[in-house]
Amino acid sequence: MGTQMIFRRYELKYLLTQEQKQAVQEAMEPHMALDRYGRTTIRNLYFDTDSFLLARHSIEHPAYKEKLRVRSYREASPELPVYVELKKKYDSVVYKRRLALPEEQAVDWLAGLNAPPIYTQIAREVEYFRQYYQTRVYLSYEREAYYDRNGGDFRVTFDENILSRIDDLTLEAAPWGQSLLEPGLTLMEIKTSGGTPLWMTHVLTNHHIYKTSFSKYGTAYQNFLLPCVQGGRRYA
């Protein structure tokens, strides 16, 4: 346990109708396959200040932004692994540093109850970051994740039923909250360190699918959390 991972890539986002999603998936069939997680519900805890400084910064579309979160690909329990992720974006390039830790160990560390469980460069970066932020938002979504059959790093994910809340902030609780997407829409993300394959470019062009700017955390803040903060209340 304590496995480290580092990613550097571009992440391109698109909002799809059901017809557009079907067209993309049909074009993907010869080239892509479901990854080892396949279809799953991803649960995240995002860290921020009391005034949601990081969320407010995110929706301003800055050249540089960062976030700290804990992620689970299943309903968590104290012994099961979760991922502590420090994600930074600069000039459209995403840099993600990740540590795999037992859920209880990760949560206690980030709450300031324990010292870092391992001593690495990534752990030191997270330790510095977590001193200024605390758990503020729960975000979950149902994801289908695909990888390149030919061994490249090209990946495609489809996220639906994106839910956000500021209560019950634990990865062990069932997903619930306010929906971030209009009914019938899917958020597709293309993740790559290089270019987009020609077959994908063709299907995007032919079906009038255009890149968009969509931050799940920023959208949650803008649509639901900001009114709560301004009104001094919590939502049910």
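## Basis of the report

The model is predicted.

## The largest pocket

The largest pocket holds about 740 Å³ of space. It is lined by 38 residues, of which Lys13, Lys65, Lys89, Phe214 and Ser215 are the closest to its centre. By class, the lining comprises 18 charged, 10 polar and 10 nonpolar residues.

Several elements supply at least two lining residues each, including strand 1 (4–16), strand 3 (64–72), strand 4 (81–90) and helix 6 (216–231). The greatest contribution to this lining, 6 residues, is made by helix 6.

## The second largest pocket

The second largest pocket contains about 400 Å³ of space. Among its 21 lining residues, those closest to the centre are Asp35, Tyr37, Tyr73, Arg98 and Arg155. The lining divides into 10 charged, 7 nonpolar and 4 polar residues.

Strand 2 (32–48) and strand 7 (155–165) are among the elements that each supply at least two residues of this lining. With 5 residues, strand 2 provides the largest share.

## The cavity

How many cavities of 30 Å³ or more does a search of the whole structure find? The search finds 1. The volume of the largest cavity is about 50 Å³.

The residues that line the largest cavity are Leu54, His57, Ser58, Lys65, Glu66, Lys67 and Tyr217. Helix 2 (53–58) and strand 3 each supply at least two of the lining residues. By class, this lining has 3 charged, 2 polar and 2 nonpolar residues. Lys65 lines the largest cavity and is also one of the residues closest to the centre of the largest pocket.

Which residues of helix 5 (residues 198–206) are buried? They are Trp199, Met200, Val203 and Leu204. These four lie on the same side of helix 5 because they cover an arc of only 135 degrees around the axis. A general rule applies here: an α-helix has 3.6 residues a turn, so residues three or four places apart point the same way.

Leu198, Thr205 and Asn206, on the other side of helix 5, are exposed. The buried residues are covered by elements that include strand 1, helix 1 (18–28), strand 2, strand 7 and strand 9. After helix 5 comes His208, which has a positive phi near 55 degrees.

Terms used
Residues are numbered from 1 along each chain as its sequence is written. This is a predicted model: local features need pLDDT of at least 70, side-chain atom pairs count only at pLDDT 80 or more; totals for chains, interfaces and linings use all residues. Side-chain values use heavy atoms; hydrogens and water are left out. On a 1 Å grid over the protein atoms alone, a cavity is a set of points where a 1.4 Å probe fits but cannot get out, and a pocket is an open set with protein on both sides within 12 Å along at least five of seven lines; lining residues have an atom within 4 Å of a point. Grid points are joined across faces, edges and corners, and a volume is the space filled by probe spheres set on the points. Ala, Val, Leu, Ile, Met, Phe, Trp, Tyr, Cys and Pro count as nonpolar, Asp, Glu, Lys and Arg as charged, and the others, Gly among them, as polar. Buried means under 20% relative accessible area, exposed over 50%, partly exposed in between (1.4 Å probe, protein chains only). The arc is that of the directions from the helix axis to the C-beta atoms. Contact means heavy atoms within 4.5 Å.
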